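Here is a short note for a colleague opening this model for the first time. Please read the points with the structure on screen.

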Amino acid sequence: MKKSVTGLLAAALLVTGAGQAPAQDLAKICGSIGGVGMGDWAEYTMEGPNAAQVSGVRFALVHRGEVAKPWFELKANTVQGEQVVQLQVPGFPFGPTDVADGIMKAGPMPAMRLPEQMIGMMKQQMMSNPMFDVQVQCLASELVGEETVEVPAGRIKAWHLRVSEGEAWVSPDVPFGIVRGESAEGGDVMVLAGHGSDATSSIPEEPQAMPAMPAGPPPRD
């Protein structure tokens, strides 16, 4: 996905996954949003210059097989087709060090289990990216006020929050909290199209082992 789109998704999720904040109202809002149960899902349509590349996304908390371990699922409708990433986590919200396993599936290609090396690199990138520091983002949030937002999912009363990466309208009545998100640059917008509590895994098959990444060129004599 384009950088501005992934930044928009991260900014919106960070606002809704936040913990405590110094202002009483903001602390109450941040504390009430982000609790997601197994099967909860929220679907969004994308608007703006990158909508041709990524037209829609869905967040869900699902389980795989008989063992009810939570997997955070991100499914995106892209110009290359449907792409799904699943991360095994304790629940939502989660941090980079919470990711225990990963699976990805691109279009009709077989599902692949991410090798440990790739998961380690992903964790490192998340930890070195300030967008993934939930606590800092929440402390830096500005509470604009309560507004009624009209989105494809209906008219929803939401709290308008502002962070450096953009703005988000959030509600404790919506799984993952996000009603609307706008990027600070690039003009990309995500709006809630629907939500529910009956999500199942979008990758039903057993994933294949992805070949380990090469260690790099051999040293020269």
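**Notes on rings and strands**

1. Start with a charge over a ring. Arg-64 lies over the face of Trp-71, 6.0 Å from the ring centre. The rule asks for NZ of Lys or CZ of Arg within 6 Å of the ring centre and within 35 degrees of the ring normal. Arg-180 likewise lies over the face of Trp-169, at 5.9 Å from the ring centre.

2. A word on the basis. This is a predicted model, where local features need pLDDT of at least 70, side-chain atom pairs count only at pLDDT 80 or more, and totals for chains, interfaces and linings use all residues. Residues are numbered from 1 along each chain as its sequence is written, and side-chain values use heavy atoms, with hydrogens and water left out.

3. Next, the aromatic pairs. Rings of Phe, Tyr and Trp (its six-membered ring) pair if their centres lie within 6.5 Å; planes under 30 degrees apart are stacked, over 60 edge-to-face, and the rest tilted. By this rule the count is eight aromatic pairs. Phe-72 and Phe-94 make a tilted one, with 5.4 Å between centres and 55° between planes. Phe-72 is in strand 3 (residues 71-78) and Phe-94 in the loop between strand 4 (81-88) and strand 5 (101-106), so the pair ties together parts 22 residues apart in sequence. Strands here are DSSP runs (E, at least two residues), numbered from the N terminus.

4. Stay with Phe-72. Its relative accessibility is 7%, which counts as buried; the term means under 20% relative accessible area, with exposed over 50% and partly exposed in between (1.4 Å probe, protein chains only). The ring centres of Phe-72 and Phe-176 are 6.0 Å apart and the planes are at 65°, so this pair is edge-to-face. Phe-176 sits in the loop between strand 9 (166-170) and strand 10 (178-183), so the pair ties together parts 104 residues apart in sequence. Phe-176 is buried too. One aromatic cluster holds Tyr-44, Phe-59, Phe-72, Phe-92, Phe-94 and Phe-176.

5. Now the strand pairing. Two strands pair if DSSP finds at least two bridges between them. Strands 4 and 5 run antiparallel over six bridges. Val-84 stands opposite Lys-105 in strand 5. Strand 5 also pairs with strand 6 (residues 112-113), antiparallel over two bridges.

6. Last, Glu-146 in strand 7 (residues 142-151). Glu-146 is partly exposed, at 47% relative accessible area. Trp-159 is 13 residues away in sequence, yet 4.5 Å away in space, C-alpha to C-alpha.

Note on methods. Helix = DSSP H or I, 4+ residues; strand = E, 2+ residues; numbered from the N terminus.
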